[in-house]
Amino acid sequence: MIITVTLNAAIDKSLSVPNFRLGRRHRTVEQRTAAGGKGVNIARALKTLGQPVIATGFAGGPTGTRIVDQLTEESILNDFVRIREESRTNTAVYDPTNGQQTEINERGPAVSAKELELFRDKLLYLARGADMVVIAGSLPRGVDADVYAGLVRDLRKAGVLTVIDTDGEPLRHAVRAEPDVISPNVLEAEELVGHEFNDDEDRLIAVGEMVEQGAREAIMTLEAGCVACLRVDGHTQRFRVSIPPRDAVAGVGAGDAFLAGYVAARYSGKPPADCLAYGVACGAESTQHLGAGLVEPREVDRLLSEVEVQTLAASAEVG
Ligand SMILES: Nc1ncnc2c1ncn2[C@@H]1O[C@H](COP(=O)(O)OP(=O)(O)OP(=O)(O)O)[C@@H](O)[C@H]1O
Ligand SMILES: [Mg+2]
């Protein structure tokens with residue numbers, strides 16, 4: 001079983017508004033809502049890819065009820081901790097006349113110390129039947145930046161593999177707790193490592209630096225591919241993976257689809273290079289769908305033949 005954690009789950013509302021202008025009144029021509037937040041999107045993609053997954057996190061108020069109902073409607077197993085404050089709604093306005101998207105994300109609920117403790121207990125209980133836990137997204141208010149770090153330590157004691165996709169301070173703390181995998185995009189990685197990357201060489205060095213900071217393995221997603229520093233037979237090994245870029249219908253959530261693909265392949269026992277290739281194919285395929293965490297497995301398999309994986313020289317032996 002794979003568990004995904006979304007502490008700041010949301011209802012994602014997408015509105016299609018032709019000729020959207022600031023300060024005007026508009027009517028939508030199309031609207032859709034879906035349960036969202038990074039961990040939820042990853043759970044959706046994992047389920048589509050045929051992997052067993054349970055989504056957990058916090059859900060509060062009528063919006064929280066809606067998140068849980070929508071997941072249940074999609075047959076995504078879920079077990080959320082109910083909180084007092086209301087879960088957030090994120091609104092995206094898409095203008096079909098110019099392709100521009102405007103996003104308004106709510107701040108989200110505050111979570112109390114007691115609610116956080118309930119969540120920790122639930123996660124450790126669920127983890128007893130799990131092999132991997134994917135922790136993704138931003139934190140709700142009232143939660144310390146080192147919360148993911150604490151969960152990583154608890155889960156390691158429980159013998160579960162941890163995968164972290166977040167940014168800023170929560171990522172910095174989590175890396176020190178030595179998670180099994182981190183998967184920042186370029187901007188998130190630059191912030192973590194503390195400098196900008198100018199070329200491929202810099203990016204390959206950076207994934208090594210992230211491993212030195214504490215992550216057992218580090219993957220950096222790129223515009224069309226990724227670079228990674230993974231463990232192979234007791235050594236760290238660097239990889240460069242690419243796919244021809246595609247015209248995106250929607251780029252939002254490509255990182256979530258990438259990670260779902262990587263995790264799905266790893267859960268199935270595929271070798272490291274194949275896991276990266278599958279993730280890249282999933283990320284690329286997801287750009288063809290409006291809505292986060294949507295992938296078409298048959299198209300993913302077709303795209304796999306376009307993915308190129310380079311295995312670079314092995315570096316220092318590691319414990
Ligand atoms: N236009 C594209 N063509 C091909 N592949 C793409 C394209 N856009 C994204 N991808 C794939 O998706 C993966 C993740 O992309 P990206 O680095 O944009 O994630 P992200 O910034 O974390 O996105 P988000 O946080 O919105 O999910 C990349 O590894 C890449 O392979
Ligand atoms: Mg991302």
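Which residues have the most contacts inside the largest nonpolar core? In this predicted model, they are V134 and M210, and the core they belong to has 92 residues. Helix α8, which covers residues 254–267, gives the most to this core, contributing 9 residues.

Let's stay with V134 for a moment. If you set aside its neighbours within four places in sequence, V134 is in contact with I2, T4 and V5, with G39 and I42, with V163, and with L259 and V263.

From here, turn to strand β12, residues 217–222. Is this strand enclosed or open? Of its 6 residues, 6 are buried, so β12 is largely enclosed by the rest of the structure. In a regular strand, side chains alternate between the two faces of the sheet. Along β12, E217, I219 and T221 point one way, while A218, M220 and L222 point the other way, and all of them are buried.

Now for the strands that pair with β12. Strand β11, residues 181–182, pairs with β12 in the parallel sense, over 2 bridges. Here V181 has E217 of β12 as its bridge partner. With strand β13, residues 225–232, the sense is antiparallel, and 5 bridges join it to β12. One place to look is L222, whose bridge partner in β13 is G225. β12 and β13 form a hairpin, with 2 residues between them.

Key: Residues are numbered from 1 along each chain as its sequence is written. Chains are lettered from A and ligands numbered from 1 in the order in which they are written. This is a predicted model: local features need pLDDT of at least 70, side-chain atom pairs count only at pLDDT 80 or more; totals for chains, interfaces and linings use all residues. A nonpolar core is a set of buried Ala, Val, Leu, Ile, Met, Phe, Trp, Tyr and Cys residues joined through C-beta atoms within 7 Å. A residue is buried if 20 or more other C-beta atoms lie within 10 Å of its own, exposed if 12 or fewer, and partly exposed in between; C-beta atoms are placed from the backbone. Helices (H or I, at least four residues) and strands (E, at least two) are DSSP runs, numbered from the N terminus. Two residues are in contact if their C-beta atoms, placed from the backbone, lie within 7 Å. Two strands pair if DSSP finds at least two bridges between them.
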